[in-house]
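Here are my notes on the model, as numbered points. Please read them with the structure open.

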Amino acid sequence: MGWFDLRTLPAYAWVFDLVSADPAVRAAAVERHVALLWRRYESRPTGTLADPVAAYAAYPTDLTAGELRALEPYALLFVQWRRQFPAEWRRVVPRLPRGSWPDDAFIRHGVSERARAVLEDLVLDAVHAGTGSRQPRSGRHPVRLARFLDGPSLRDRLRIAAGSPDQAVRLRAGYLLWLIDHPRESLTTRSWRRWRRTHGVPVSHPRPAAELAALPPAVAAAELAGLGTARLTAVFEALEPAPAARIAAALLSAPPPAPAEADAAGADAAVPDVAALAGAIAAMDPRSAAWMFNAMPEPLAARLLAAMPPAAAAARFPRPKRTEILLLMDFGDAVARLAAMTPLRAAQQLRWRPPDVTARFLTALAPDAAALVLAALPNGGPDDGLVTVLPAGYVADLLTRMPPRDRERIRWVVETQQFRTAAADAIASEAAAPSVAASEAAASAADALGQAGAEARNVLR
């Protein structure tokens with residue numbers, strides 16, 4: 001590591017104030033860290049924690065085992081700072097130089113006993129993380145780290161977590177233990193569903209999930225007709241998306257039981273209606289529900305999403321290219337679900353629509369929400385057709401509601417596209433009555449158009 005001299009390590013003693021119990025000391029260290037990184041972002045050394053951490057994390061490295069051990073406390077400090085004071089850590093992390101992340105370096109270099117305890121805490125953080133989802137979403141690193149740290153201490157802590165009353169924690173811990181025991185398995189949605197179906201929450205009533213999926217949908221629907229919402233949710237989560245979608249469709253198309261059969265079977269044998277089925281899917285893990293909607297006919301998906309509360313439907317909406325689902329809903333229901341999405345997700349849903357349809361949805365949203373959605377549209381902003389369809393005064397109002405950085409970017413896009421449209425119209429109108437003056441005007445408009453396009457591309461780079 002030619003740029004970093006280990007003899008300068010004593011000058012970095014102040015960085016341990018970043019995890020001080022004294023808020024004033026910690027705040028001073030954070031401000032010093034931020035100020036140094038702002039001044040020296042493009043050069044090294046920066047004089048901050050980033051230097052010894054980057055030296056430890058560098059790959060390949062020519063450092064000896066003893067030199068790596070001298071740098072290890074700084075890499076551990078980075079982890080502890082991230083765990084204990086995440087808000088302060090996030091202030092600095094976007095400005096860390098490339099190569100300053102130590103996570104994989106611990107696996108490459110091996111760790112001391114003190115470091116092992118800290119890294120076990122990091123794995124348990126991923127298990128206890130309150131993501132709102134029962135499925136692990138912390139990436140592949142906790143799995144690689146857990147396999148590297150595998151030992152009695154970590155396994156005992158994971159077994160304790162696997163007995164938690166919180167189902168989300170219980171499932172994540174159990175799944176991680178299973179991944180440690182099966183090193184050839186990867187952290188994927190498919191392996192998660194397979195583990196959940198066979199180990200995490202195995203479904204045995206009315207029959208195992210694999211047997212249920214193999215039945216004709218109408219037969220499977222008849223067996224599920226008497227289940228309550230919670231049981232129906234468990235069955236759907238245990239199934240693969242395609243058979244779950246087929247069985248849901250069969251449940252809604254099943255004829256109601258004859259009066260005599262209904263009296264004999266009791267009230268619990270009722271076939272679920274749209275509201276009951278939507279309630280069962282709304283209680284599912286959002287990602288699993290979205291996959292189920294991806295496999296479902298669009299008219300049925302639209303009916304079920306419209307029957308859910310807007311926030312639940314927004315979190316479970318299928319992929320954006322299923323373009324008919326929003327259009328098959330009542331317009332007010334569709335707008336309510338768009339409004340409940342994040343701006344980026346709403347923009348992705350509107351991306352594939354014709355300009356007039358996108359404009360209709362945008363103008364139905366609250367102006368502040370519409371401004372954020374417009375700014376989040378892919379490919380740098382709205383396309384020519386959308387700018388043409390939206391009222392000029394409306395676009396100007398949305399621009400005033402955007403964050404400054406987005407406002408300048410979208411303004412260039414909008415103004416360039418408006419000019420291009422006007423120039424094209426002028427050229428087309430003059431072409432009907434050619435003359436020397438008209439040719440000169442057309443050439444001038446074409447030159448201005450090219451110049452405006454080049455300026456817009458420079459701004460968007």
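1. Contact here means heavy atoms within 4.5 Å. Helices (H or I, at least four residues) and strands (E, at least two) are DSSP runs, numbered from the N terminus. Buried means under 20% relative accessible area, exposed means over 50%, and partly exposed lies in between (1.4 Å probe, protein chains only).

2. This is a predicted model: local features need pLDDT of at least 70, side-chain atom pairs count only at pLDDT 80 or more, and totals for chains, interfaces and linings use all residues. Residues are numbered from 1 along each chain as its sequence is written, and side-chain values use heavy atoms, with hydrogens and water left out.

3. Start with helix α12, residues 217-224. Which of its residues are buried? They are Ala220, Ala221 and Leu224. These residues span an arc of only 100° around the axis, so they sit on the same side of α12. The arc is taken from the directions from the helix axis to the C-beta atoms. Ala218 and Ala222 are exposed on the other side of α12. The cover over the buried residues of α12 includes α11 (209-214), α13 (229-238) and α14 (241-253). As background, an α-helix has 3.6 residues a turn, so residues three or four places apart point the same way.

4. Next, the packing of α3 and α6. Their axes come within 11 Å and cross at roughly 25°. That makes α3 roughly parallel to α6. Axes are lines fitted to C-alpha atoms, for helices over the stretch in contact, and angles run from 0 to 180 degrees between N-to-C directions. Angles under 35 degrees count as roughly parallel, over 145 as roughly antiparallel, 65 to 115 as roughly perpendicular and the rest as oblique. The crossing is left-handed, meaning that the near helix is turned anticlockwise from the far one by less than a right angle. Residues of α3 in the contact include Glu72, Leu76, Val79 and Arg83. Among their counterparts in α6 are Ala115, Val118, Leu122 and Asp125.

5. The term covers a side-chain nitrogen of Lys or Arg within 4 Å of a carboxyl oxygen of Asp or Glu. Asp125 pairs with Arg83, with closest N and O atoms 2.4 Å apart. The bridge links distant parts of the chain, from Asp125 in α6 (residues 113-128) to Arg83 in α3 (residues 65-84), 42 residues apart. Asp125 is partly exposed at 32%. Arg83 is partly exposed too, at 30%.

6. How many salt bridges does the rule give? The count is 18. One of them joins Asp104 and Arg144, at 2.6 Å from N to O. Asp104 lies in α5 (residues 103-109) and Arg144 in α7 (residues 141-149), so this pair ties together parts 40 residues apart in sequence. Asp104 is partly exposed at 35%, and Arg144 at 41%.

7. Asp181 and Arg155 form another salt bridge, with closest N and O atoms 2.7 Å apart. Asp181 is in α9 (residues 167-181) and Arg155 in α8 (residues 152-162), 26 residues apart. Asp181 is partly exposed at 44%, whereas Arg155 is buried at 17%. Separately, Glu120, Asp121 and Arg157 are linked in a salt-bridge network.

8. Finally, check the backbone at Pro60. The peptide bond from Tyr59 to Pro60 is cis, with omega near -5°. Pro60 lies in the loop between α2 (50-57) and α3.
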